[in-house]
Amino acid sequence: MKKLLTVLVALLMVFTLAACGNGGEGGEQSGAKTYKVGVAIYEFNDNFMTLYRNELENYFKSLETDDVKYEVTIVDGKTDMSEQSNQVDNFITQGMDVIILNLVQTSSAEALIDKIVAANIPLVLINREPLAYDADGNILDEAYEGILNNDYVCYVGADARQSGTYQGEIVAELENHGDINGDGVINYVMIEGDPENIDAQYRTEFSIKALEDAGYTVNCLVDQVGNWQQAKGEEICASALSQYGNDVEVVFCNNDAMALGAAAAITAAGRTVGEDIYLLGVDALEECQQMVQNGEMTGTVLNDHIGQSHTAVDVAVKCLNGEAIDNYYWVNYVKVTK
Ligand code: GAL
């Protein structure tokens, strides 16, 4: 009888302890510690960032143990900077233990970094790198002060110059170097992502620079902004093809979503990639890797969302554990051709 009573009391204590556990800021739940992670994405309706955010979530889940849980809240900035700023305010009020931020506008980086740092919350910036500018608005090739000056602020990303260079190199490595009609000039169309985004600026600049550095002459027929969107890519490419017809030899798209649109326009215009036109993208979406293998795209560049999301999570976890972090973490792009 005495033994039975002891067991009952012990069981009661276990249940009481479990019931008292609460979630919340580094909270204890059933003996486990629960960290609150706030993730703000610039736009859910973006192919690449969708892969990225899903992998962020999956990877946090995979790191959970009996002792450590991650309560991940992901919000959609809907390409609206004031919406995202409010979302960050909410994260601060909710007492997030770490914030992962994909800025809508890098020009607003300072304001957001300042309030997150003031709230003492570690910050991992992803995908859209804030840059330093001189007084005339030219990009300075140096680290961003808001990142450099704060121990718990860092940026995880890929150097967009590399992806642009790879696009240009893929064309340079073709037998005719993109000069289909053999007149000594590569006539191209450039379809750009969001111009405020350094990925768009660098890919536009460095794809062409790679061709020029290799000694080829280029001529830009059309250079327009498609804001990373498939429908825009199709529209811009269709109008370029109807205006310039067979003169268009190479179509550079700053990302694969726009290249998918351009591919549709190319088919609709009765043109054939690899025969009378070349098409380049960046991201290496699964669909586009397939198209490269089938010859429907000339090439793309892997924007490694797995490497980037895992690095971002690993760094966030370091912050949660109070370990020191670096200011910058870089993940390489990879050329994708047949
Ligand atoms: C780029 C990516 C684009 C788009 C953009 C959003 O790195 O190539 O497809 O997702 O980020 O900032």
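This is a predicted model: local features need pLDDT of at least 70, side-chain atom pairs count only at pLDDT 80 or more; totals for chains, interfaces and linings use all residues.
How far from an oxygen atom of the ligand does a polar side-chain atom of Asn303 lie?

1. The distance for the polar side-chain atom of Asn303 is 3.1 Å from a ligand oxygen atom. For Asp46, a polar side-chain atom lies 2.9 Å from an oxygen atom of the ligand. In the case of Asp199, an N or O atom of the side chain is 2.6 Å from a ligand oxygen.

2. Ligand surroundings. The ligand is surrounded by 13 residues, of which Asn127, Arg128, Asp199, Arg203 and Asp283 are the closest.

3. Domain layout. According to the domain assignment, domain 1 comprises 29–158 + 305–332, and domain 2 comprises 161–302. Their C-alpha centres are separated by 31 Å.

4. Extent of the interface. Contact between the domains involves 16 residues of domain 1 and 15 residues of domain 2. Together the two domains bury about 1,200 Å², with 40% of this area on carbon and sulfur atoms.

5. One salt bridge is counted between domain 1 and domain 2. Arg128 and Asp194 form a salt bridge in which the closest N and O atoms are 3.7 Å apart. Arg128 is also among the residues closest to the ligand.

6. The domain 1 face. Helix H2 (residues 47–63) contributes the most to the side of domain 1 that touches domain 2, giving three residues. By class, this side holds six nonpolar, six polar and four charged residues.

Notes: Residues are numbered from 1 along each chain as its sequence is written. Side-chain values use heavy atoms; hydrogens and water are left out. Domain bounds come from an automatic or database domain assignment. Contact means heavy atoms within 4.5 Å. Buried area is the accessible area (1.4 Å probe) that two parts lose on being put together, summed over both. A salt bridge is a side-chain nitrogen of Lys or Arg within 4 Å of a carboxyl oxygen of Asp or Glu. Helices (H or I, at least four residues) and strands (E, at least two) are DSSP runs, numbered from the N terminus. Ala, Val, Leu, Ile, Met, Phe, Trp, Tyr, Cys and Pro count as nonpolar, Asp, Glu, Lys and Arg as charged, and the others, Gly among them, as polar. A residue is near a molecule or strand if one of its heavy atoms lies within 4 Å of it. A polar contact is a pair of N or O atoms within 3.5 Å; within protein, one must be able to donate a hydrogen and the other to accept it, and residues adjacent in sequence count only if both atoms are side-chain atoms.
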